Amino acid sequence: MKKESIHLRAPLAAGIAIAAAVVSIPAPAQQASADILEEIVVTARQRAERLQDVPDAITAFSGPEIERLGIDSFESYVNRTPNFLARQGFRAGVVFVTIRGITTGQQGFPPISYTVDGVKAGMLDALNPGTLFDLERIEILRGPQGALYGNGAIAGAVNIVTKGPRDEFGGEARISYAEGNDLTLQGTVSGPLVEDTVAFRLTGFMRDSDGLIDSTTGDDIDFIDQGSVRAQLLFTPSERFRIDLRAAYSDVNAGAAMQERFETIGQVNSFSSADFTLDRGIVGEENRESTKLSAKIDIELPFAALTSVTSSVDLDQDIFGSISWTRPPARGEPPIAALFGPILGENAMPGETIDQYQDLADNFEVFFQDLRLTSSGDASLRWIAGVEWLRRTTVNHLDIGLVRAPAPGALAQIFGRFDEKEDEIFGIYGQLNFDLSAALELTVAGRYDENEYDTRQFNLATGATIQNLDAGGNPVDRLAAKDSQFQPKVQLSYDWSDDLMTYVTYAKGFRFGFYNTGNLTRPETTDNFELGFKATLAGNLLTVNGAVFSIDYSDQQQSSIIAEPPFRTTTNVPSTDINGVELEFVWRAAERLELSGGFGYLDAEISELNTRPDSVPEWTSNLAGEYRQPLGNDRELFARADWRHQGNFLINDAGFLFDIDPVDLVSLRAGVESERWSVSAYMKNALDEQYASDPGFLGYFIRAYSLPRSIGAELRYRF
């Protein structure tokens with residue numbers, strides 16, 4: 001306890017100092033009611049509540065905010081949330097997420113529950129679906145949410161809510177164009193089919209971009225071509241019965257295997273023209289195709305609301321790219337070192353190596369069913385009870401080999417592997433909220449989760465199983481495991497007034513184990529203690545929310561690439577201690593000026609090694625300012641600036657410790673809007689800052705990296 005109190009003293013003092021500074025700001029005199037802050041309603045606890053009434057650390061964005069901020073990707077809302085980090089890997093389906101110091105194990109479950117319109121994703125690869133569009137709300141819950149959301153919520157949950165059908169016929173059109181010949185088109189139509197009974201919404205989206213990064217020979221490296229369509233039918237035959245049917249399809253073709261080679265570990269943070277040179281013989285390409293069908297049924301019973309959510313998701317993805325990450329030698333140039341020996345390029349004689357390739361594919365089929373009862377009304381005792389079932393079938397393909405002369409080359413496989421994995425997850429959960437008094441609320445929640453999962457290796461041509469060795473060294477057709485855990489949550493919240501609430505929480509976090517190319521990674525758990533507050537001040541012109549927390553983290557899952565088969569491995573770190581602080585505010589500083597920001601601090605340490613864990617910045621901060629000026633005739637000028645500071649973090653790979661420098665990311669947006677239309681210009685990463693998002697060593701250094709500056713313009717029209 002003494003050690004924890006020392007660790008918490010500095011961040012707690014910093015958090016209190018910032019809170020005191022913000023709270024002490026005087027309110028402008030005689031503000032009109034129209035100038036108060038927007039009230040956001042969230043469904044974080046499976047019922048509609050004001051954001052300021054929910055005793056959890058939540059960052060939320062409403063639909064109008066999402067448009068004003070230009071949020072269109074996973075990373076764009078992560079960068080506006082304290083203690084949240086997203087690192088892009090070698091393809092879209094690999095994104096490394098860290099929230100409150102808890103990060104991703106490749107091929108496992110994410111550290112957050114990711115839910116879109118009530119449908120749980122069930123896979124890590126769904127976190128980065130491409131460009132986001134037509135959104136009603138984003139809710140980011142920090143801290144373990146397993147009691148309601150399940151094992152994947154060991155560090156938090158993200159709820160995405162898309163826009164629903166309109167009562168009257170209408171729609172929206174959007175077009176944007178940015179550097180890299182980046183063209184985006186979106187069209188939406190919505191309205192009633194049968195008045196007061198059946199309504200629809202149909203949205204189509206297209207993006208075609210050459211990207212911002214070229215190879216030394218002028219090839220587009222980060223290109224993207226996305227086509228998506230989303231449809232919804234809403235049936236409301238009575239006030240007590242509602243059926244919501246949705247279908248979504250997306251096809252994405254994008255650059256992949258974009259890592260750059262560099263010579264020395266000291267160059268990991270350098271993006272100067274001298275150090276940042278992308279050479280390619282094989283330009284990486286990824287294809288992702290996803291289909292999602294869902295049905296949500298709501299029935300109002302006399303005492304509760306019965307909700308059923310059923311969904312089926314099918315995601316296919318494959319990439320083909322270089323594993324030498326360089327341009328093969330031209331005629332007369334010396335050979336270049338690569339993973340399986342030197343590559344000769346144009347000097348290769350028949351049968352010799354021109355280049356080296358990687359070919360990876362994944363197929364996910366997920367069926368999800370959630371059935372729950374939620375008590376009606378706002379009585380002193382409120383409750384939720386539910387059961388959940390998820391079945392996931394995964395096929396992973398890994399193929400690595402040589403491109404042999406004569407040109408253009410024939411593929412010669414060196415290593416090939418097909419793995420089939422199945423997860424069958426059952427969960428039963430419940431939550432009680434009881435008003436012990438008019439000001440004091442007790443929350444008791446819990447979930448029991450169980451997963452029976454297995455894996456087998458097979459021959460694609462024949463379908464025959466290839467035996468693996470179990471833990472005792474015996475050859476078996478299938479490797480199988482079973483994990484289960486009860487995840488309790490106990491919370492007390494106290495309303496000191498209508499505008500100030502404090503809370504204290506204990507919760508247990510849990511994440512299932514998984515198989516990574518036959519290697520079993522154990523499940524992990526956390527014990528979490530949190531003390532927080534939510535304050536609405538200065539006549540609803542200022543909100544300040546904060547939390548202090550401590551996490552005892554056991555069997556942390558970690559993954560890395562290695563230079564020998566199966567080329568990726570996972571381990572468990574026995575014990576990690578995490579202590580942290582978070583603070584967020586939104587302030588209507590003047591009639592036309594709104595300021596907002598967040599601050600996060602993490603003191604994280606692997607107990608046995610006295611070192612920080614991978615991918616955990618000590619500091620994250622964000623600050624934004626938005627100014628609006630009426631122009632008359634229902635038009636308004638707006639200008640906005642967003643700043644994100646991301647502290648340095650460490651990546652330990654193959655015995656090399658990469659220390660990634662801090663980075664400051666600035667986005668700018670300005671334009672004119674009216675009720676029906678808007679035109680704006682924007683600049684992403686205005687300071688043109690880049691950082692290595694995923695460095696590694698395969699006999700030579702490689703790194704995935706963030707994108708450079710992008711400038712564009714956008715036009716929206718509503719009808």
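## An enclosed space

In this predicted model, the second largest cavity has a volume of about 740 Å³, and the count of cavities of 30 Å³ or more comes to ten. Rolling a probe the size of a water molecule over the atoms shows where empty space is left.

The lining of the second largest cavity is made up of 40 residues, and Val116, Pro129, Ala248, Ser290 and Lys292 are those that lie nearest its centre. Among the elements that give two or more residues to this lining are strand S6 (112-116), strand S13 (224-238), strand S14 (241-255) and strand S16 (285-300). Sorted by class, the lining holds 19 nonpolar, ten polar and eleven charged residues.

## Nonpolar cores

The largest nonpolar core has 48 residues, and those with the most contacts inside it are Phe74, Tyr77, Tyr114 and Ile138. Leaving aside neighbours within four places in sequence, Phe74 touches Phe84, Ala86, Val95, Val97, Leu127, Asn128 and Leu132. Another core, of 19 residues, lies apart from the largest one and includes Phe90, Ala338, Ile343 and Tyr700.

## The chain as a whole

The chain's secondary structure consists of four helices and 41 strands. Its radius of gyration is 26 Å, close to the 27 Å that the globule rule gives for 719 residues, so the chain is as compact as a globular protein of that length.

Of the 719 residues, 55% count as buried. Among contacts in the chain with a separation of 6 or more, 66% are between residues 24 or more positions apart.

Methods: Residues numbered from 1 in each chain as written. Predicted model: local features only at pLDDT ≥ 70, side-chain atom pairs only at ≥ 80, totals over all residues. Heavy atoms only, no water. Core = buried A, V, L, I, M, F, W, Y, C linked by side-chain atoms within 4.5 Å. Buried < 20%, exposed > 50% of the residue type's maximum accessible area, 1.4 Å probe, protein only. Contact = heavy atoms within 4.5 Å. 1 Å grid on protein atoms, 1.4 Å probe; cavity = no way out; pocket = protein on both sides within 12 Å on 5 of 7 lines; lining within 4 Å. Points joined across faces, edges and corners; volume = space filled by probe spheres on them. Nonpolar A, V, L, I, M, F, W, Y, C, P; charged D, E, K, R; others polar. Rg over C-alpha atoms; globule rule 2.2 N^0.38 Å.
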